[in-house]
Structure formats: C-alpha cells, structure tokens
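Visitor: Please take me through one part of this model in detail. I would like to look at the sheet.

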Amino acid sequence: MTTLETHYKKIKDLHHEEAVAPGTGLCAGCGGLEGLRLGLKELGNDVLICNAAGCFTLLSVYPFTPLKGSWLYTTMGGPVPAAQGVRDALDIQLSRKTLTEDDNLSIVVVAGDGSSNDIGLGATSAALHRKLDFIYFCYDNEAYGNTGFQLSASSPYGSSTQTTPSVKFHPVGAELNKKNLFDIWRAQEPTYIATVSPREPIDLSNKFAKAKNLVGPRMFICMSPCPTGWGFNPKDTQLIAKLAVDTGIFPIKEYFEGKVIHTKQPRRRLPVEKFLETQKRFSHLFEPERKSDVIEQIQKTVDKYWEPYE
Amino acid sequence: MFRVRLHGRGGQGIKTASQILGSAAFFSGFQAQDFPLYGAERRGAPIVAFTRINRQNILERGPILVPDILLIGDESLLEDIQAAPLCGADNFTAIFINSSRLPEKLQENYSLSTLPHVLDITSLCVKFLDNGSSTSAAIAAVGARLLGQIEFPALKEAVELELNAQGINSDLRKKNIDLAEEVFQLLTPMEVKERPEKNITSSKLISSEQKPVVLAAPIILEPGNMALRKTGNWRLDRPEIDYEHCNNCLICYARCPDGVIGIKTDGSPEIDYDHCKGCLICAQECPGHFIKTVKESGSWE
Ligand SMILES: Cc1ncc(C[n+]2csc(CCOP(=O)(O)OP(=O)(O)O)c2C)c(N)n1
Ligand code: SF4
Ligand code: SF4
Ligand code: SF4
C-alpha cells in the first residue's frame with residue numbers, strides 16, 4: 001500500500017514565502033482562501049491559474065493581482081477547457097523550441113463547487129478522459145457563494161440556502177444530498193485526488209507536494225468554511241473546519257494508484273450536531289423546535305460512510 | 001424630501017439599516033426608497049446605502065450625493081479615502097458618528113463644519129445583542145429619531161418586518177427592538193431643514209470611440225501588486241500579539257487566510273496591520289490565547 005510520503009512534519013517546515021499577496025477583496029476569514037494560500041505556497045509561482053467565475057474571481061481585480069504567477073479569468077463552465085487550451089499552447093511552443101523548459105508552467109484550475117459539480121463537470125469529465133496534465137482545486141463552500149449563496153449540487157441535505165430556505169412546505173431546507181464529486185472523479189481514474197482542509201496545513205501541504213511531482217489530472221477538493229454564506233463569526237472558520245473533520249462529515253483522504261486512504265481519520269467521531277449547531281444555515285434544525293429526524297438522517301449518512309473503515 | 005446616506009462595512013448591517021429606516025418611514029405615512037451600493041468586495045469592505053423619504057412620490061434615482069443626514073456606522077470610516085463618508089456633506093447636513101469619543105473632539109479631529117451627533121452604538125450592540133457588529137436596528141433607530149418624523153411604534157414594526165425577512169429568530173428580534181428603543185430614547189430629534197428642491201437638468205450624451213481590443217484587454221504585468229490595496233481598513237477589531245508569552249509556535253501564521261502574519265528573523269510572528277482584515281482567526285486559534293483583541297477606533301488619541 002502506498003502511503004503519503006511525508007515531507008513536512010511541523011508548521012515551521014512550510015514554505016515561508018507567500019504566493020498570494022494580501023489585499024484581496026475576499027471576505028475576512030474566508031476558509032477557501034486559506035486552502036488556496038497553503039496550496040499555492042507549495043506549487044510556487046510558475047503556475048497559470050484558470051479561474052472559473054465565482055468568489056475567487058475577486059482574487060484579481062483589474063489592475064491588481066495578488067499572484068506572482070499568471071491568472072486567466074474564465075466563464076463558470078470554462079476553466080477546464082481554458083486549461084486544455086493553455087496547456088496545448090505551452091506544449092506546442094515547447095516542442096517548437098520557441099519556449100524553453102524554464103518557461104514551462106503548471107496549469108491550475110481554481111473553481112467553486114457550483115462550477116465543479118454543475119456547469120463545469122461535463123468539460124472536466126472530458127479532460128479527465130483525455131488525461132489532461134493539470135491540477136484542479138475546487139474550493140467547496142457548498143453553494144453559489146458569489147451570487148448570494150444559492151443551492152449547488154454540493155449543498156448538503158438540511159442546509160438552508162437562498163434558494164432553499166426552510167419554509168412551511170419545505171422545512172428541511174435543501175432536500176437533496178450533496179453530490180459525491182470525489183467518487184465521480186475517481187470513476188475516471190485520474191492520477192491523484194485528495195480532499196484537504198485549511199485546518200490541516202501539514203496534510204494539505206504534503207498532498208500538494210506530492211501532486212506537484214506527478215503528471216496527468218490531479219484533483220483537490222478543499223473544505224471551505226464560508227462565514228458569509230454559512231452564517232458564523234469569521235473567527236470560527238478554522239474551528240468549523242476542524243469540526244467538519246472531527247464529526248466525520250468531511251473525510252480527509254486521497255486516491256492514488258487505485259487506492260483510497262484516509263490520511264486523517266477521526267479516532268472517535270463527534271456527533272454531527274456539534275458541526276451543525278455552529279452555523280446559521282442549519283439553525284432551523286434546532287429552532288423553533290429541534291428537527292431530530294433531519295439531524296438523525298444526517299448522522300446516519302455519515303455513519304454509513306465510515307462503516308467500512310471503522 | 002429627506003435624503004439619508006449610511007456608511008459602514010459589509011457585514012455590519014448597514015444595508016438592513018437603510019431598509020428598516022425606509023419601512024419605518026413608510027409605516028409613518030411617507031413614501032420611501034432604499035438601496036445599497038457596494039463593489040465586488042466581500043464582508044468587511046466599505047459599503048454605502050441610501051434611504052429617501054418623502055410625503056410625495058419619489059422620482060429621484062441614483063446615489064445621494066448631498067445628504068441631509070449622514071449615518072456613519074463606524075468612526076474608522078472617516079479615515080478611509082475609499083469610503084469618504086463626508087463627501088458631498090454641507091452645512092445643512094446632520095452628521096451622526098458611531099463613536100465613544102466626544103462630539104467636540106470628533107469635530108476638531110475631522111474638521112467637521114457642524115458638531116456631529118454621537119453615540120457609542122457598538123457598546124450598545126454588545127450590551128443588547130452580545131455582538132458589536134450587528135448595528136442595523138440601532139443605526140436605523142438613530143436615523144428615525146434624528147429625523148423626528150417617525151414614532152417608535154413604526155420603527156418597532158419596521159425592525160420586526162425586516163429582521164424577520166432575514167430569518168432572525170424572535171428572541172433576537174426582541175433584543176433588537178429593545179436596542180432600538182434604547183437608542184431612540186438616548187437621542188433627541190434634530191432640526192432638519194428641508195433643502196429647496198433643484199430642477200433636474202439633462203446632460204449631453206457622450207459617445208465613445210472604438211479602439212483596438214488589445215488596448216482594452218485588462219492585462220496586469222506587475223506580480224503581486226494587490227498588496228497596494230490596504231485591507232487593514234476593514235478591521236473592526238485588531239489582534240495584538242503578547243510577545244512576552246508567545247512561544248513562536250506559528251500556529252497563527254499557518255491559520256491566517258490572508259497570509260498577513262509574517263515570520264521575523266528571530267522566528268516570531270508579526271502581523272501586517274496594513275492588510276490584516278480583522279477576522280480574528282489568529283486570536284481564536286492561538287493555543288495559549290496570547291493574541292488579544294482591541295477595538296479599532298481612529299488612529300488618533
Ligand atoms: C453560465 C453562468 N451562469 C451564471 C453566472 C453567474 N455567476 C457568477 S459566479 C456564480 C456562482 C458560482 O458558484 P461557485 O462555483 O460555487 O463558486 P463560489 O461563488 O461559491 O465561489 C454565478 C452563478 C455565470 N457567471 N455564468
Ligand atoms: S462568500 Fe464565502 S467563499 Fe466567498 S469569499 Fe466570502 S467567505 Fe469566501
Ligand atoms: S485577524 Fe489575524 S488571522 Fe485575521 S487577517 Fe488579521 S492577522 Fe490574519
Ligand atoms: S499562535 Fe500564539 S503562541 Fe503561537 S506564534 Fe502565534 S501568538 Fe505566538
């Protein structure tokens with residue numbers, strides 16, 4: 001069994017240089033930004049980011065950019081086709097020797113869960129089929145954040161979003177289950193897939209360090225607590241990221257050479273409500289009266305996921 | 001017509017305050033119009049909202065350039081050139097500032113032409129709501145009271161309506177109403193002089209010339225120049241490291257989403273206050289609680 005090669009053991013080992021300059025317009029306490037920040041520290045500056053329309057479009061606001069590398073803004077469905085285009089262009093130039101290997105760039109897609117699970121998924125599947133050599137970073141804030149937090153295929157069952165508030169005839173809020181993007185990607189056997197949490201910088205950095213040296217499609221899903229959309233005080237972003245892992249709601253794992261390994265398995269899972277009760281998007285599960293059936297349903301789904309591993 | 005302009009930071013409830021004020025005026029028999037204006041930035045960045053109140057129909061549209069009442073949701077905005085809350089204010093304009101300082105001091109420091117109305121809204125919000133940055137009901141109450149044309153029951157109804165629409169539970173709505181009442185009682189109506197209405201004149205249309213697309217393509221050639229934008233002005237609270245106790249574990253450095261905690265040559269963390277947005281994750285995450293939080297007010301003593 002291949003386990004994660006460990007480069008980093010301590011926070012002090014992480015790259016001290018920041019690849020994302022401060023001053024961006026993203027919310028104070030944005031969990032996704034923390035994930036991207038740590039990931040890019042590892043990938044370095046020789047990257048070309050194809051960024052799907054979403055919150056992270058605010059990374060670069062003309063005439064400013066926080067990045068030392070290149071950035072290309074694409075439509076919500078278009079970051080992966082854009083990645084294919086720039087990858088091909090670079091490869092052609094490299095083969096014609098109009099660019100040298102020193103000028104080569106890693107192609108990185110940055111996209112929200114809406115783009116990744118919905119409108120962008122078809123093109124991503126096509127690129128996985130073609131074994132496009134790129135890194136995909138999906139910051140998962142579990143809704144369409146940029147436009148005011150509407151339901152995406154990644155919004156979890158029982159959460160309220162702008163389009164699925166808890167109302168008389170739909171008290172649960174979102175009634176569908178979150179899409180399993182990890183397994184959808186896995187079915188196409190890309191080179192590497194990992195889920196990462198901003199609260200686990202060592203695990204995250206090791207995964208990026210590993211992916212960096214591989215070839216082919218390499219995919220990341222980053223749990224991205226969103227104070228604005230989820231409804232919590234920005235200071236609690238990391239606490240909520242931790243609870244997502246400790247309750248087992250967000251499994252930290254990787255897929256490599258045909259196997260899935262949990263790289264951080266909670267020893268004793270906390271009850272899911274420890275996570276749910278921290279956020280306004282779940283407050284209708286607790287007041288005016290407790291919706292025990294919904295909370296139980298969420299717990300059951302999590303238990304079922306972990307059953308084979310515990 | 002009364003024109004009220006509200007300034008604050010995203011997440012502080014300024015937009016809701018403009019809505020509450022509009023509804024309270026409506027319940028008092030006025031016509032009302034309210035809307036916010038903000039850029040692409042998220043929570044924390046300066047925002048502005050407007051409420052127009054009139055006995056007749058309101059035909060005027062667009063931002064309020066010359067306000068009758070200015071409601072400034074936190075004092076630090078006065079030092080923010082992007083927010084520029086005093087823009088367009090004249091001798092007719094009544095200025096309200098959320099601050100714990102004396103009106104005379106504020107007038108002197110910010111060279112205000114009139115003595116501002118001042119109340120420490122943040123402390124009241126902490127007292128009533130246990131949250132200093134939920135200022136919507138309090139700021140709306142200030143506007144309603146200063147205008148002197150809105151009675152408390154109308155304000156109460158408006159707070160109830162607007163906060164309910166936002167999914168705020170009844171317990172918290174009740175606390176907001178108590179807060180609004182306290183603010184209402186602490187202030188006295190001002191004398192609002194109605195401005196003589198100006199006729200609106202039309203301006204000439206400007207037609208622009210077509211240029212080659214490369215001239216218009218937004219290409220940024222200076223890497224990392226985002227740092228020129230100082231997001232430090234978003235902060236309502238400032239994290240301060242207690243270096244006597246800090247053991248340089250660097251957890252705060254690892255957890256700061258904006259990467260504004262640097263590492264000094266001696267291995268200790270250092271906060272870049274030009275950019276720190278004040279999320280306070282660092283203070284929350286420091287294992288020994290060696291980062292304390294201090295309320296931001298203007299940079300003068
Ligand atoms: C085809 C299309 N529909 C709608 C939009 C408007 N739009 C811009 S960003 C966005 C939300 C994207 O959500 P997600 O991918 O989850 O990223 P987030 O905003 O959460 O960062 C939407 C709907 C668009 N740009 N393109
Ligand atoms: S809305 Fe959420 S995901 Fe978007 S920038 Fe703000 S915190 Fe980040
Ligand atoms: S409050 Fe702390 S964690 Fe938040 S931006 Fe400032 S330094 Fe970073
Ligand atoms: S987390 Fe606390 S103890 Fe650790 S480096 Fe930061 S301030 Fe010092």
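Guide: Here is the sheet, strand by strand, and then the helices on it. This is a predicted model, where local features need pLDDT of at least 70, side-chain atom pairs count only at pLDDT 80 or more, and totals for chains, interfaces and linings use all residues. Residues are numbered from 1 along each chain as its sequence is written, chains are lettered from A and ligands numbered from 1 in the order in which they are written, and side-chain values use heavy atoms, without hydrogens and water.

The sheet is open and has 8 strands. Their order in chain A is E2-E1-E3-E4-E6-E5-E7-E8, with mixed pairing. Strands (E, at least two residues) and helices (H or I, at least four) are DSSP runs, numbered from the N terminus. Two strands pair if DSSP finds at least two bridges between them. Strands E2 (70-74) and E8 (259-264) of chain A are at the edges. Each has a single partner strand, so one side of each has no neighbour in the sheet. From one strand to the next, the twist averages 20°.

Now look at E1 (residues 47-52) of chain A. E1(A) pairs with E2(A) in the parallel sense, over 5 bridges. Ala52(A) stands opposite Thr74(A) in E2(A).

Two helices come next. Contact means heavy atoms within 4.5 Å. Axes are lines fitted to C-alpha atoms, for helices over the stretch in contact, and angles between N-to-C directions run from 0 to 180 degrees. Helix H2 (residues 79-95) of chain A lies across E1, E2, E3 (106-112) and E4 (134-140) of chain A. H2(A) runs at about 170° to E3(A). Helix H6 (residues 201-212) of chain A also packs on the sheet, touching E4, E5 (192-196), E6 (217-223), E7 (252-256) and E8 of chain A. The direction of H6(A) makes about 165° with that of E5(A).
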